Amino acid sequence: MPFTLPPLPYSTSALAAQGMCQETLELHHGKHHNAYVTALNGLIESKGLAGKSLETIVAEAGKAGADGLPVLNQAGQHWNHALFWQVMSPKGGGDKLPGNLAAKIDSDLGGLQAFKDAFKQAGVSQFGSGWAWLIIGTDGKLKVTKTPNGANPVSTGEGTPILGCDVWEHAYYLDFRNVRPNYLENFLNKLVDWEVVAGLMDKGGLTTGQTA
Ligand SMILES: [Fe+2]
């Protein structure tokens, strides 16, 4: 079955008061994300993807290195955006994290502010397009990392993402122009739904349920 664009879990105007306007969501979800889905579906037959889950396709494309890039560019972006829409919500923002997540950020990353600083630094220092991540590393500890283009910590084998932020210009240009640091600051302080992030930590990350 072909991949599909997952619906936003809120309306396109729902995050406008939190720094992500309706036009950003209409274009980013309805055009950019949809284009990755369409392109990925166009590769199913030629790349032998039929019957594989999106998560398997991303992991295998990452292991294939340069040969896997044509698939990873689309499959990774489909997965990355599916996570991105989920970790934001109209109830997002603030510094009140669920206890289990707050405790693990304290023990593994030195506290909420240290985590936010590291996450912002990851996003700002990702040259060009890519993603900033909070992941459960292969050793079970939380880590902050970044990846270029359509890659993600599943494709690199670094671990399991529980929070991701798109730092491509299409994610923030309408709301923050060229000022990526302000977009990242706003994302962490006003948009992230920490209940969702804690839930992803508890269940070991996102499974989209989508299969080629
Ligand atoms: Fe994007």
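**View 1. R177, in the loop between helix 7 and helix 8****.** Welcome to this predicted model; we start with a single residue. R177 has a positive phi of about 50°, although it is not a glycine. Is R177 buried or exposed? R177 is exposed, with 11 other C-beta atoms within 10 Å.

**View 2. Helix 7 packs with helix 8****.** Here we look at the two helices on either side of that loop. Helix 7 covers residues 169–176 and helix 8 covers residues 180–191. Their axes lie 10 Å apart and the packing angle is about 95°, which means that helix 7 is roughly perpendicular to helix 8. Which residues of helix 7 and helix 8 meet? From helix 7 come Y172, D175 and F176, and from helix 8 come R180, N182 and Y183. The residues of this contact divide into three nonpolar, two charged and one polar.

**View 3. N149, in the loop between strand 2 and helix 6****.** Strand 2 spans 142–148 and helix 6 spans 153–156. Like R177, N149 is not a glycine, yet its phi is positive, at about 50°. N149 is partly exposed, with 17 other C-beta atoms within 10 Å.

**View 4. The largest nonpolar core, with its 57 residues****.** Which residues have the most contacts inside this core? They are V58, A75 and V197. Helix 3, made of residues 69–86, gives the most to the core, with seven residues.

**View 5. V58 and the residues it touches****.** Leaving aside residues up to four places away in sequence, V58 touches L72, A75, G76 and W79, together with N152, V154 and S155. One of these partners, A75, is also among the residues with the most contacts inside the core.

Definitions and conventions
Residues numbered from 1 in each chain as written. Predicted model: local features only at pLDDT ≥ 70, side-chain atom pairs only at ≥ 80, totals over all residues. Core = buried A, V, L, I, M, F, W, Y, C linked by C-beta atoms within 7 Å. Buried ≥ 20, exposed ≤ 12 C-beta atoms within 10 Å, placed from the backbone. Helix = DSSP H or I, 4+ residues; strand = E, 2+ residues; numbered from the N terminus. Contact = placed C-beta atoms within 7 Å. Axes fitted to C-alpha atoms, helices over the stretch in contact; angles between N-to-C directions. Parallel < 35°, antiparallel > 145°, perpendicular 65-115°, else oblique. Nonpolar A, V, L, I, M, F, W, Y, C, P; charged D, E, K, R; others polar.
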